[in-house]
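Subject: Structure for your review

Dear colleague,

Please find below the sequence and structure that I am handing over to you.

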Amino acid sequence: MDTLGVVEAKTIASGVKLADEMLKISDVKLVRASTICSGRYLIFVSGKQADVEMAVGHARLTKRLTGDFVISGVSPELVMVLKKRLPIKTDQAIGLVESSTVSAGIAAADVAIKSADISLIRLVTGLGICGKSYFLFSGELAAVEEADDVAKEFLGSKYIESTVLARPEPDLVKAIIGVR
């Protein structure tokens with residue numbers, strides 16, 4: 001996957017229609033399309049940069065979006081986390097960044113991964129949290145703090161809150177990444 005397009009539609013009906021149109025007007029693959037809280041609809045498409053930009057550009061014309069991003073040279077780690085959770089070391093610092101929208105949170109996670117020597121460990125996108133998103137990452141404390149700062153700056157008005165845990169308790173780490 002070269003480029004990832006993220007479109008967050010204001011309504012389910014408009015999102016379903018947009019997903020269909022995006023796939024018809026451009027040579028992109030549907031990575032995921034699903035409802036999220038607050039009655040919004042989330043669409044992930046992938047492909048070559050020009051194709052993804054065309055599909056997302058079409059969606060932008062509708063003015064029915066909560067958010068959208070085109071992420072070129074998308075981090076392979078981000079793609080892996082979108083598909084499943086990755087194992088982590090419980091002896092490293094952990095950061096958590098919360099965003100008011102799913103699309104901005106995904107883009108911020110990609111920027112954070114590329115800015116510091118961290119590992120993305122979980123990305124939660126909209127379900128059960130009123131359409132918000134958050135991502136968790138780990139690494140050496142200085143790298144986690146740097147990634148946290150970069151994500152905050154990138155998110156701007158979409159930033160809600162974040163935290164950095166220097167030496168998190170192993171049981172807490174297991175709980176927040178969903179390991180039982």
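The following paragraphs set out what was found, from the whole chain down to single residues.

This is a predicted model, in which local features need pLDDT of at least 70 and side-chain atom pairs count only at pLDDT 80 or more, while totals for chains, interfaces and linings use all residues. Residues are numbered from 1 along each chain as its sequence is written, and side-chain values use heavy atoms, with hydrogens and water left out.

The whole chain

The chain holds six helices and eight strands; helices (H or I, at least four residues) and strands (E, at least two) are DSSP runs, numbered from the N terminus. In order from the N terminus, the elements are β-α-β-β-α-β-α-β-α-β-β-α-β-α. The C-alpha trace spans about 50 × 30 × 30 Å along its principal axes. A compact globule of 180 residues would have a radius of gyration near 16 Å, and the chain agrees, with 16 Å. This radius is taken over C-alpha atoms, and the globule rule is 2.2 Å times the number of residues to the power 0.38.

Of the 180 residues, 47% are buried; buried means under 20% relative accessible area, exposed over 50%, and partly exposed in between (1.4 Å probe, protein chains only). Among contacts (heavy atoms within 4.5 Å) between residues at least 6 apart in sequence, 76% join residues at least 24 apart.

The four-stranded sheet

Four strands form an open sheet in the order β6-β7-β5-β8, with antiparallel pairing; two strands pair if DSSP finds at least two bridges between them. Its edge strands, β6 (118-125) and β8 (159-165), each pair on one side only. From one strand to the next, the twist averages 15°. Axes are lines fitted to C-alpha atoms, for helices over the stretch in contact, and angles run from 0 to 180 degrees between N-to-C directions.

Strands β6 and β7 are joined in the antiparallel sense over seven bridges, and Thr 125 stands opposite Ser 133 in β7. Strand β5 (residues 93-99) pairs with β8 over six bridges, also in the antiparallel sense; there, Val 97 is opposite Ser 162. Seven of the eight residues of β6 are buried.

Helix α5 (residues 141-155) lies across β5, β6, β7 and β8, at about 10° to β5.

Ser 103 belongs to helix α4 and counts as buried because its relative accessibility is 1%. Leaving aside neighbours within four places in sequence, the contacts of Ser 103 are Val 6, Glu 8, Gly 67, Asp 68 and Phe 69.

Helix α2

At 1.5 Å a residue, the 13 residues of helix α2 (residues 49-61) should span 18 Å, which agrees with the 18 Å between its end C-alpha atoms. The expected span is 1.5 Å times one less than the number of residues.

The buried residues of α2 are Asp 51, Val 52, Ala 55, Val 56 and Ala 59. Seen down the helix axis, these fall within an arc of 125°, so they line one face of α2; the arc is that of the directions from the helix axis to the C-beta atoms. Their cover includes β1 (3-9), α1 (12-25), β3 (40-47) and β4 (65-72). The face turned away from the buried side carries the exposed residues Ala 50 and Leu 61. Just after α2, Lys 63 has a positive phi of about 60°.

Yours sincerely
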